[in-house]
Amino acid sequence: MHQRTVAIASHSGLHARPASLFVKAAARQPVKVTIAREGRDPVDARSMLAVLALAAPHGENVVLSAEGDGARAAVEELAELLGRDLDAT
């Protein structure tokens, strides 16, 4: 299993447009990726409703996790995405 903790860089947090971009990127991955706020249960990163329900604000740390072939690349790609201000793109 590969895990990485990353802070949400988007000023609006993981809401609306940033969440949509993140979920679409997660759906393209060859493995299932989960996302969780620290201390909470993980949710499927491909689920828009689940990601929005996290209500992760700007600066909040989230944990990305995946298992299997391609897990490291998938987690790193999604972590890089969350580390950018997706509201600005």
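Alanine 16 is exposed in the predicted model, with a relative accessible area of 53%. This residue is found in helix α1. The phi angle of alanine 16 is near 40°, a positive value in a residue other than glycine. Most residues other than glycine have a negative phi. A second case is alanine 55, whose phi is near 50°, again a positive value in a residue other than glycine. Alanine 55 is placed in the loop between α2 (48-54) and β4, and at 37% relative accessibility it counts as partly exposed.

Helix α1 contains 12 residues and reaches 16 Å from its first C-alpha to its last, close to the 16 Å expected at 1.5 Å a residue. Its buried residues are Pro18, Ala19, Phe22, Val23, Ala25 and Ala26. Viewed down the axis of α1, these buried residues fall within an arc of 160°, so they line one face of the helix. The elements that cover the buried residues of α1 include β2, α2, β4 and α3. On the other side of α1, the exposed residues are Ala16, Lys24 and Ala27.

Helix α3 shows a corresponding division between buried and exposed positions. The end C-alpha atoms of α3 are 17 Å apart, which agrees with the 16 Å that its 12 residues should span at 1.5 Å a residue. Ala71, Ala74, Val75, Leu78, Ala79, Leu81 and Leu82 are the buried residues of α3. They cover an arc of only 155° around the axis, which puts them on the same side of α3. These buried residues pack against β1 (2-7), α1, β2 (33-37) and β4 (61-66). The face of α3 turned away from its buried side carries the exposed residues Arg72 and Ala73.

The two helices also meet each other. The axes of α1 (residues 16-27) and α3 (residues 71-82) come within 10 Å and cross at roughly 170°. Because angles over 145 degrees count as roughly antiparallel, this crossing makes α1 roughly antiparallel to α3. On the α1 side the contact involves Leu21, Phe22, Ala25 and Ala26, which meet Leu78, Leu81 and Leu82 in α3. By class, the contact of α1 with α3 has seven nonpolar residues, with no polar and no charged residues. Phe22, Ala25 and Ala26 are also among the buried residues of α1, and Leu78, Leu81 and Leu82 are among those of α3.

Several positions in the strands were examined individually. Valine 62 is placed in strand β4 and is buried, with a relative accessible area of 0%. Leaving aside its neighbours within four places in sequence, valine 62 is in contact with Arg4, Thr5, Val6, Ile8, Ile35, Ala36, Arg37, Ala56 and Leu82. Valine 62 and arginine 40 are 22 residues apart in sequence, and their C-alpha atoms are 9.5 Å apart in space.

Threonine 34, in strand β2, counts as buried at 17% relative accessibility. Apart from its neighbours within four places in sequence, threonine 34 is in contact with Pro42, Val43, Ala45, Val63, Leu64 and Ser65.

Glutamine 3 lies in strand β1 and is partly exposed, with a relative accessible area of 48%. Not counting residues up to four places away in sequence, glutamine 3 touches Val63, Leu64, Ser65 and Val75. Glutamine 3 and isoleucine 35 are separated by 32 residues in sequence and by 9.6 Å in space, C-alpha to C-alpha.

Glutamate 38 is found in the loop between β2 and β3 (43-44). This residue is partly exposed, with a relative accessible area of 45%. Residues up to four places away in sequence not being counted, glutamate 38 touches Thr5, Asn61 and Val63. Glutamate 38 and leucine 78 are 40 residues apart in sequence and 17 Å apart in space, C-alpha to C-alpha.

Methods. Residues are numbered from 1 along each chain as its sequence is written. This is a predicted model: local features need pLDDT of at least 70, side-chain atom pairs count only at pLDDT 80 or more; totals for chains, interfaces and linings use all residues. Side-chain values use heavy atoms; hydrogens and water are left out. Axes are lines fitted to C-alpha atoms, for helices over the stretch in contact, and angles run from 0 to 180 degrees between N-to-C directions. Helices (H or I, at least four residues) and strands (E, at least two) are DSSP runs, numbered from the N terminus. Angles under 35 degrees count as roughly parallel, over 145 as roughly antiparallel, 65 to 115 as roughly perpendicular and the rest as oblique. Contact means heavy atoms within 4.5 Å. Ala, Val, Leu, Ile, Met, Phe, Trp, Tyr, Cys and Pro count as nonpolar, Asp, Glu, Lys and Arg as charged, and the others, Gly among them, as polar. The expected span of a helix is 1.5 Å times one less than its number of residues. Buried means under 20% relative accessible area, exposed over 50%, partly exposed in between (1.4 Å probe, protein chains only). The arc is that of the directions from the helix axis to the C-beta atoms.
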